[in-house]
Every structure is written in structure tokens, then in C-alpha cells.
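Subject: Structure handover and notes

Dear colleague,

I am passing on the structure below, together with some notes on what came out of going through it. Please read them with the model open beside you.

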Amino acid sequence: MRFNASSHTDAAFLSCTFVRCGFFDAEFSGCKLVGSQFDSCTYDLLKVDGGDWSFTGLQGADLSRAAFKDVRMREADLAGARCAGASFRGVDLAGSSLRGADFSGCDLRGSDISGIDPFTAELARAVIDPFQAVVLARALGLPSAIRGHWGRVMAQSERRPLQDAAASHVTPGYQACKCIRRTGSSPSRRASRG
């Protein structure tokens, strides 16, 4: 079945199975696809704005040209998904299976990435915010890297909901990750070393 260039608003596709479906330039706004499974589908230029895609099965899906914004995707199966260059802005990925997923060059700002294991998922050139940089630094086991400035950012962010923290600290986090990787210490420590 083809959903090419279709537009869906506040629709429900609950526990559906989509096999070899085309979603070229399709738009889903505020839709519920809870528990739906996708098998051998195409997603070029797919746009998803809001809605609930929790428990969906998108394992191995090529989402590299898709855009998800403010979507609830709790416990979705994105294992092995190819999301390089995609946009996942403000997406709730809590509890999702992300093993082997490729998020290189993906815009992840404002999303819950606490479930991403940086040792099993590809994150090169991913765009993240400072809050997410601290989450990844902790996942990498770099406690010294989150002291000082980044520790203060984390402390401030933990007092606010995730979206508020992301909105108040939105900058490309790649630069933040670069400074953590370069020396393994906080910016304040580097400054004091001269």
C-alpha cells in the first residue's frame, strides 16, 4: 500500500502491521501508531509532528530522510535503524531499543537520549544540546568531564523538564563533545592549566 504524499491528522493506526508500504512525503500530525510494526517500508521525506508512536517496530528502517518532532516514541524498536541525517527534535525515546542504530549527522536536540548506548550506536556529527552532552559523557563513564561548567549545566537542567532545559541551552552540542573528548576535563580546568 502507498501512503505517498498523504496527510493524516489525529488519526489512529493502533497495532497495525505495515508491509512494503511507501511513506514518501507523507505527513502524520498528532497521530497514534502505538504498537504498529513496519516491515520493508520506505520513509523518504516522512514528516511526523506530535502524536504517540510508542512500542512501534522500526527495526532496521531507513529513516535517514525522515523528520520527527515532539513525538512520543517510548519503548519503540529502532535497533539497527539508519537515521543518519534525519531529524528527531523533542522526541521521547525513553526505553527504546537503539542498539546498532546510526544517528550520525542526526539532529537530536531536545530528545530524550538517555537510552542511547554510545558504545553500540553511531553518533558521529550528531547535533545535540549541552544537557545531552552531559548525558552522553556520563554514559561514556567520564565523571571528570562533567565537573565544573558541564556539571553546573546538568544541575540546572535537572531542575527543569527536559524540553525547558533543551530550549534554554540550545546550541550545537558537537562543540561541547569536542572539548570533552579533547582533554577529558572541564573547560574551567583547561583554563586554569594555561
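Which residues does Asp52 touch, not counting residues up to four places away in sequence? They are Cys31, Lys32, Leu33, Val34 and Arg72. Please bear in mind throughout that this is a predicted model.

Asp52 itself sits in a loop, the one that runs between β5 (47-49) and β6 (67-69). The residue is buried and yet has no salt bridge, since the nearest side chain of opposite charge, that of Arg72, is 4.1 Å away, whereas a salt bridge is counted here only when a side-chain nitrogen of Lys or Arg lies within 4 Å of a carboxyl oxygen of Asp or Glu. Arg72 is thus listed among the residues that Asp52 touches, although the two form no salt bridge.

For β6 and β7, the parallel pairing extends over 3 bridges, and Phe68 has Phe88 in β7 as its bridge partner.

The other element I looked at is helix α1, which covers residues 130-139 and has 8 of its 10 residues buried, so that the helix is largely enclosed by the rest of the structure. The buried positions are Pro130, Phe131, Gln132, Ala133, Val134, Val135, Leu136 and Ala137. The N-terminal end of α1 is capped by Asp129, which places a side-chain oxygen 3.2 Å from the backbone nitrogen of Phe131. After the helix comes Gly141, whose phi is positive, near 75°.

As for the chain as a whole, the protein has 5 helices and 7 strands, and read from the N terminus the elements follow the order β-β-β-β-β-β-β-α-α-α-α-α. Of the 194 residues in the protein chain, 44% are buried. Among contacts with a separation of 6 or more, 13% are between residues 24 or more positions apart.

With best regards

Notes:
Residues are numbered from 1 along each chain as its sequence is written. This is a predicted model: local features need pLDDT of at least 70, side-chain atom pairs count only at pLDDT 80 or more; totals for chains, interfaces and linings use all residues. Side-chain values use heavy atoms; hydrogens and water are left out. Helices (H or I, at least four residues) and strands (E, at least two) are DSSP runs, numbered from the N terminus. Buried means under 20% relative accessible area, exposed over 50%, partly exposed in between (1.4 Å probe, protein chains only). Lys and Arg count as positive and Asp and Glu as negative; His and the chain ends are not counted. Contact means heavy atoms within 4.5 Å. Two strands pair if DSSP finds at least two bridges between them. A polar contact is a pair of N or O atoms within 3.5 Å; within protein, one must be able to donate a hydrogen and the other to accept it, and residues adjacent in sequence count only if both atoms are side-chain atoms.
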